[in-house]
Amino acid sequence: MAGRLLLVCRLMVRDLRRRRTETVLLLLAISAATATLTLGLALNNALAQPYERTRAATAGPDVVAMPGATGPEALAALAPLATAPGVTAHSGPYPIAYLMLTACGRTVPAVVAGRDNSPAALDRPAVTAGTWVRPGGVVVEPTFANALGVHIGDTVDINGHPLRVVGTAVTAARAVYPRADWRADEGSPLTEFAGLVWVDRSQISALAGTRPLSYTLNLKYADPHASTSFTHKSVGGIEYTSWMEIADADGKLVKQARLALLVGSWLLTVLAVASVANIVAGRVVDQRRRVGLLKAVGAGPAMIAAVHLAEYLVIGLAAAGTGLAAGWLAAPALTNPGAGLLGSTGTHPPALRTVLAATALALAIAAVATLAPVLRAATTDTVHALADAATPPRRRGWRVWLSRRMPAALLIGIRINARRPRRARLVMVNTLITTTGVAALLMGLAQDPRVKLGESELANPQSARTLQAMFLVIVVLCVLALINAIVSTWTAVLDARHPLAVARTLGATPGQITAGMAVAQLLPAIPGVALGVPAGIGLYLVASTGDPQYAPASWMLALVLAVLLTVAALSAIPALAATRRPVADALQSTPT
Amino acid sequence: MTGSALLRARGVTRWYGRESALVRAVDEVDLDVPAGQTLAIMGPSGCGKSTLLHLLGGLQRPTDGEIWLAEHRIDGMSERDLARLRRHHIGFVFQSFHLMDELTAVENVELAALLAGWSPRRARKRAMHLLDRVGLADRAKHLPSALSGGQRQRVAIARALSNEPLVVLADEPTGNLDSAATLEVLRLFEELRTAGQTLVVVTHDARIAAVADRVISMRDGSFADDSQLAETAAGAGTVYGGWR
């Protein structure tokens with residue numbers, strides 16, 4: 001037993017060391033999928049955790065009450081709530097004015113809250129930069145400040161009154177830009193997109209001018225169910241907004257980005273499986289003689305499977321670790337405090353659930369992708385494996401008739417694919433998924449990334465984050481697809497070096513050989529691209545909300561051409577290099 | 001199994017293809033190889049001699065007929081049982097050596113012994129002993145890529161012996177070697193014959209046939225001639241000399 005264990009470990013370690021490039025490629029392929037899954041799960045937490053952290057840090061209320069009435073009537077309506085049964089704490093009432101703010105030449109609606117300098121029992125906005133409100137100064141919610149392009153020290157104009165930006169702060173009592181709920185008429189239930197700013201309470205009446213002030217009261221209940229049994233309700237002319245509605249509105253900022261990452265992680269998982277299967281198939285083809293030898297000296301199918309699976313499972317485990325670390329480190333870029341909330345996902349170690357999910361995914365990819373070739377290797381005929389013969393294509397009369405009429409390059413390409421049909425299928429899957437992902441991104445880019453605030457348009461942080469997430473997925477997807485394409489062409493060239501050398505001795509030119517290799521890759525790539533474009537558009541339409549715009553046809557055409565040209569170029573380069581080698585060298589092989 | 005033959009075949013047939021494309025690679029062959037005999041099977045390319053060797057070693061299954069090795073009928077064995085049989089009782093030597101590129105010479109030699117369940121220490125000791133016997137003790141830590149063709153084949157022969165097999169089956173062992181290397185291999189086979197190791201060699205090389213106890217000529221899948229050249233080294237017994 002010890003001897004066999006030693007043998008499995010020895011063969012595994014030596015093979016990993018001997019095939020460093022392939023090992024790194026396998027590691028990258030599986031890591032890419034696990035990293036994206038980690039990112040998706042991290043963003044899932046981002047929907048709740050930063051809001052919860054912000055709520056805890058700012059003593060966020062359970063419920064915010066706001067009467068439909070304004071002025072003294074509103075104060076009178078709110079007065080009994082502070083001492084209502086079950087209420088354990090309150091802050092306010094605080095005056096609110098729905099005014100127009102002008103900054104950097106743009107006038108947009110802003111919810112202006114009047115606050116004191118003294119800390120309140122509930123809703124103590126946390127200053128993220130600069131200072132808290134003071135007379136003549138205004139504090140802006142950070143996402144709103146980013147969209148406006150204002151910084152500390154800049155001057156903004158609120159309802160004709162110039163004020164200096166003295167700081168930025170976050171709160172859990174009102175949703176972040178653009179969902180701060182501006183109302184054209186005080187007391188109206190209809191809300192519009194806007195941002196939130198705070199001014200000194202003593203100044204708000206002057207800023208509002210003739211407009212009456214609304215008021216909000218923050219409440220905390222002894223019974224948590226009192227705030228979690230509803231999200232929004234209106235009773236006796238008072239609107240009650242629970243913290244859950246605010247958390248949900250804040251979560252919308254990253255909801256689409258999370259969806260993009262989750263869908264992206266599925267695509268990447270499929271591509272990673274294809275990628276690993278591609279590399280493993282190449283390795284197993286290369287290792288057929290090794291398998292034959294092991295069988296000849298008495299290794300049974302279980303031993304052969306153990307030798308191979310051990311190798312890929314070790315790579316899978318290493319990839320799980322790498323992917324987890326990469327995904328977790330990348331997460332803060334998508335969930336930084338710029339979202340108007342405190343903290344980010346990268347500040348704590350990943351949850352056990354995330355670690356288990358990423359490890360399971362990595363091992364599943366390694367197992368699924370390697371199982372078929374490994375089982376095939378384990379059950380392969382020993383003599384056949386020792387001879388390392390390719391699968392002979394089935395000879396059909398019409399194929400023979402057709403092949404005699406084909407140009408040499410096309411014939412070479414078809415023959416290469418007929419020798420290794422599985423590789424051709426992997427090329428198709430590779431191009432299908434890559435094209436699907438990029439077509440979905442092009443659809444995303446075709447959407448309007450701005451949000452309308454009054455008469456002006458500002459950057460929509462939700463669109464920006466969604467596109468950011470999509471770009472991230474596409475970059476990883478393209479890297480993985482590139483790895484796949486390189487491995488596929490590389491193994492195809494290596495595998496076909498003998499038949500191609502024979503073709504050269506029969507008079508095929510290096511140009512025909514190169515074109516033949518390109519054709520071998522292009523033939524399965526064409527259906528992949530043809531299916532990928534509608535699949536990408538469909539995917540975007542299913543995942544998006546509202547009424548999305550279609551990307552211009554020219555973009556899709558450019559995508560198709562770019563993918564096919566890349567595939568052709570990637571195959572032509574190694575093929576061209578192979579044709580520089582003397583035919584005699586390729587025909588000779590040195591057995592070991 | 002009856003008689004004293006270590007390896008016995010009765011009516012062994014192996015066909016490839018079907019109907020008009022049917023090829024009878026091995027056609028109703030009967031064979032008895034006593035323990036300790038060195039048998040050379042010769043014949044032109046495509047006469048079926050390699051296929052016969054693969055059938056005798058359980059690497060391929062016959063279309064018809066029976067094959068016995070020692071007390072075991074092997075033609076109907078499961079893949080797992082065949083693997084166990086090869087692991088413990090058969091050693092193979094190939095024309096293309098088939099050494100593991102990533103393993104050193106000594107690691108290649110101990111491969112079969114480790115698969116046979118030997119302890120790492122015992123397998124290493126045996127491998128070093130065999131490398132010493134084939135004159136490659138100083139090359140034990142070299143990778144196959146650092147060895148000449150003759151040295152690689154000597155490593156392959158040592159590997160074939162590492163699990164103390166009942167029979168060594170060699171398929172064109174000098175086919176890829178130059179004259180000098182062929183002589184090295186011939187010397188080893190001569191030593192094995194003298195030591196009483198049962199050996200079946202498929203070859204084109206008349207020099208190998210010259211060191212055999214018996215030479216069989218094959219043509220079109222059948223035996224054309226069977227010549228007993230010398231007394232079997234160990235008669236019915238086995239004298240393994242320094243190889244054990």
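The legends below describe close-up views of a predicted model.

**View 1. The side of chain A that touches chain B.** In this view, 24 residues of chain A are in contact with 33 residues of chain B. Three elements of chain A give two or more residues to this side: α1 (2-18), α9 (288-296) and α12 (382-387). The most comes from α1(A), which gives nine residues. Sorted by class, this side of chain A has eleven nonpolar, eight charged and five polar residues.

**View 2. Helix α2 of chain B and what covers it.** Helix α2 of chain B runs over residues 79-89, and its buried residues are L82(B), A83(B), R86(B), R87(B) and H89(B). Residues three or four places apart in an α-helix point the same way, because the helix has 3.6 residues a turn. The cover over the buried residues of α2(B) includes β4 (64-69), β6 (90-93) and α3 (105-115) of chain B, together with α9 of chain A.

**View 3. The largest nonpolar core.** This core has 249 residues, and those with the most contacts inside it are I30(A), V112(A), A272(A) and V276(A). Helix α8 of chain A (residues 243-286) gives the most to the core, with 20 residues. Leaving aside neighbours within four places in sequence, A272(A) is in contact with A29(A), I30(A), A32(A), A33(A), I365(A) and L480(A).

View 4. R159(B) is found in helix α5 of chain B, residues 149-161. R159(B) counts as buried because 30 other C-beta atoms lie within 10 Å, and the cut-off is 20 or more. Apart from neighbours within four places in sequence, R159(B) is in contact with N108(B), V109(B), L111(B) and A112(B). L131(B) is 28 residues from R159(B) in sequence, and their C-alpha atoms are 8.9 Å apart.

Key: Residues are numbered from 1 along each chain as its sequence is written. Chains are lettered from A and ligands numbered from 1 in the order in which they are written. This is a predicted model: local features need pLDDT of at least 70, side-chain atom pairs count only at pLDDT 80 or more; totals for chains, interfaces and linings use all residues. Two residues are in contact if their C-beta atoms, placed from the backbone, lie within 7 Å. Helices (H or I, at least four residues) and strands (E, at least two) are DSSP runs, numbered from the N terminus. Ala, Val, Leu, Ile, Met, Phe, Trp, Tyr, Cys and Pro count as nonpolar, Asp, Glu, Lys and Arg as charged, and the others, Gly among them, as polar. A residue is buried if 20 or more other C-beta atoms lie within 10 Å of its own, exposed if 12 or fewer, and partly exposed in between; C-beta atoms are placed from the backbone. A nonpolar core is a set of buried Ala, Val, Leu, Ile, Met, Phe, Trp, Tyr and Cys residues joined through C-beta atoms within 7 Å.
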